[in-house]
Amino acid sequence: MADRLLEVKDLSVSFATEDGVVRAVDGVSFELDRGKVIGIVGESGSGKSVTAMTIMGLTRDVNARFGGEVVYQGRNLLEISDTEMQNFRGNEIGMIFQDPMTSLNPVYRIGEQIVEAIQAHERVDKRNAHRRAVELLRQVGIPNPESRVDDFPHQFSGGMRQRAMIAMALSCNPSILIADEPTTALDVTIQAQIIELIAQLKDDFNSAVIMITHDLGVVADIADEILVMYAGRVVERGATRDLFYDPQMPYTWGLLGSIPRLDRPRPERLHTITGSPPSLITLPPGCKFRPRCPHAFEKCSEEPALENRVETPGHLDRCWLDVGYKRAHREESISGGTSEAA
Amino acid sequence: MAAFFVRRLFGAVLVCIAVTFIVFVIFIIAPGGGKRGTAERIAGKNASPQLVIRVEHQWGFDRPFYVQYWKLMQRMFTNKLVSYTSQVPVLSQIWQDMPATFSLTIGAGIIWLTFGILVGVMSAVTAGRLSDRLITVLALIGISMPVFWLGIVCRYYLAENASVFPDGEYVSLSGNPLQWFYHLILPWLVLAVLFIGFYGRVLRGNILDTINEDYVRTAKAKGLSWRRILRRHVLRTSLIPIVTLFGLDFASVLGGGAILTESVFDLHGVGQYAKDSINNFDLPPIMGVTMYGAFFIVFFSVLVDLFYAYLDPRIRPT
């Protein structure tokens, strides 16, 4: 029996703004078991970060409205008080962010910031907390942690800062680590190291990871399951393998096509999904991807439900197209239209 | 750090030298009038012809400009810069007026910094709500009220009509500490009002900017309480620009900048000395106070830089 840590049920988040109500997340559901990595993929504005921040309680605001449930240890995190939420943040659920350059406070030493996280949840004196900070930095691969612990963030490189962020997020041994685009601001070589580090620490700390990214390539190796989000909805969901080898949603094809690949003939230009995501205030009727979808037909004016349409159980999508048609036509989207000529 | 300090100090000395030269140009060279005209200006309104001739010779107005500059500097730094109207050496007078100005500055500075921070934090944490709007209106009124008007109104109603407070004058701290405090309450408050409004507005903006910083979100994600986040992560960085403002404003008031407050409450500080000298067209004191004020500002800006380096490790030289 899998050890279920988190259950997100039909989560919806909307924000009241001057221009209207922004429906940032609509009906997102997933489950996370101990030891697993779930990837949430989508472009900017798809609702992936808002989903993650809502789990952390970071989107709480007078203008925010929530629906559904986020169940952790039998409690709905959407309903507990702010003070209770503080005990969950950092302690039960740790989070690292996109830009390590700005996510650390520039005026405090790296060690001080980790100590602060430890002391927020545990009764530890400064000396012991400091010793633990050194140990954590060693675990995330900071060379010479005894002296680097007293450095300021600006004395660290980007990759090292993200490592320090990870050390901080893991300092109270949380069950869940949420990584919100952890590698977007880093060099490609560093990206791989950070992803590997997260995967390894997940095992060391016996936790689970929610990895948020716009780059399917980032989660390809480490995710067990992937959610593809578009306009606040999950448009495809399945085991990583299924999603890569049998993608069902034209939007997923577009994402797959926009990964540069060495094992295929090189197209002149990298594939792009034409158009831009819809406004979350006035969403188009029907399938939200229809205006940008090259395969749209009449039925798409009605929104498809997220359901299982292929033989593999647990592989869900929101697309009316016939599975056979999709399997015959998706290759041109994935490998890019001009690749045949090359 | 030591090298940084030395470099900064060296720069400050250069700035001070430049200031003396600018003062020399503005007061001696620029007005023109030839050697006699210049001597007449320096000697003051009611100078006898003999005095004018003596000044012309002693100040070297019949010699090249660098000699004039040199002689001016000699006077300035040996306490031989004398007001010909009152016969009192400028430095001695400044020295005598210093305690009043210093007392005014210290007290007002503490008040305006404390309340400025309080006002800024209060309006920032309640941003958009009624209390924020109320504070904003009050702050703007504070900024817009001319000091001389507010000072006179306060003195008229609270000191002359109602006698709640003493009617002007400065009492020395060593002479009677209680009276010293009592006499300074009104000037402190009047001088502080403008700064409180201004600092409050600046800090409110800084805090609202800082709240949206990524590292504040990180602090929330760590599970810190909002109070702690506000104190350690928001306020600490938002206060850095306030330090700069405070250092320079403090120095300028200390350098005789509170002319209006000092005069309205008749404190006999450096600012009032400057005002009286201007009224009498008495140039030597004006030159003296100008330079003395500039030196203070330069000195405090060095202090500000050092404190800045302490507060923000990014600009700390390594």
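Student: Before we start, how are residues, chains and ligands labelled, and which pLDDT limits apply?
Tutor: Residues count from 1 along each chain as its sequence is written, while chains are lettered from A and ligands numbered from 1 in the order in which they are written. As this is a predicted model, local features need pLDDT of at least 70 and side-chain atom pairs count only at pLDDT 80 or more, though totals for chains, interfaces and linings use all residues.

Student: Okay, how many helices and strands does chain A have?
Tutor: Helices here are DSSP runs of H or I with at least four residues, strands are runs of E with at least two, and both are numbered from the N terminus. On that count, chain A has 12 helices and 12 strands.

Student: Why is chain A as compact as a globular protein of its length?
Tutor: Compare the radius of gyration, taken over C-alpha atoms, with the globule rule, which is 2.2 Å times the number of residues to the power 0.38. For 342 residues the rule gives 20 Å, and chain A is close to that, so it is as compact as a globular protein of that length. The C-alpha atoms fill a box of roughly 65 × 45 × 45 Å along the principal axes. The radius of gyration itself is 21 Å.

Student: What percentage of the residues in chain A are buried?
Tutor: Call a residue buried if 20 or more other C-beta atoms lie within 10 Å of its own, exposed if 12 or fewer, and partly exposed in between, with C-beta atoms placed from the backbone. Out of 342 residues in chain A, the buried part is 45%.

Student: Which residues of α11(A) are buried?
Tutor: Helix α11 of chain A covers residues 250-257 and is mostly covered, with eight of its eight residues buried. They pack against β3 (37-41), α9 (216-220), β9 (225-230), β10 (233-239), α10 (240-245) and α12 (323-335) of chain A. The buried residues are P250(A), Y251(A), T252(A), W253(A), G254(A), L255(A), L256(A) and G257(A).

Student: Is V310(A) buried or partly exposed?
Tutor: V310(A) sits in the loop between β11 (307-308) and β12 (316-317) of chain A. Leaving out residues up to four places away in sequence, V310(A) touches D246(A), Q248(A), H315(A) and V323(A), where touching means C-beta atoms, placed from the backbone, within 7 Å. V310(A) has 16 other C-beta atoms within 10 Å, so it is partly exposed.

Student: And N206(A), buried or exposed?
Tutor: N206(A) lies in the loop between α8 (188-204) and β8 (208-213) of chain A. With 11 other C-beta atoms within 10 Å, N206(A) is exposed.

Student: Over to chain B: how many helices and strands are there?
Tutor: Along the sequence, the pattern of chain B reads α-α-α-α-α-α-α-α-α-α-α-α-α-α. Its C-alpha atoms fill a box of roughly 80 × 60 × 35 Å along the principal axes, and buried residues are 37% of its 318. The count is 14 helices and zero strands.

Student: How are α7(B) and α8(B) oriented to each other?
Tutor: The axes of α7 (147-161) and α8 (177-211) of chain B come within 10 Å and cross at roughly 150 degrees. Those axes are lines fitted to C-alpha atoms over the stretch in contact, with angles from 0 to 180 degrees between N-to-C directions. Angles under 35 degrees count as roughly parallel, over 145 as roughly antiparallel, 65 to 115 as roughly perpendicular and the rest as oblique. The two helices, α7(B) and α8(B), are therefore roughly antiparallel.

Student: Which residues of α10(B) meet α9(B)?
Tutor: α9(B) and α10(B) pack at about 150 degrees, with axes 10 Å apart. On the α9(B) side, the residues are Y215(B), V216(B), A219(B) and K220(B). Those they meet in α10(B) are I229(B), H233(B) and V234(B).

Student: Which element gives the largest share of the side of chain B that touches chain A?
Tutor: The contact takes 18 residues from chain B and 23 residues from chain A. On the chain B side, α9 (214-221) and α10 (226-238) are the elements that give two or more residues. The largest share, six residues, comes from α9(B).

Key
Contact = placed C-beta atoms within 7 Å.
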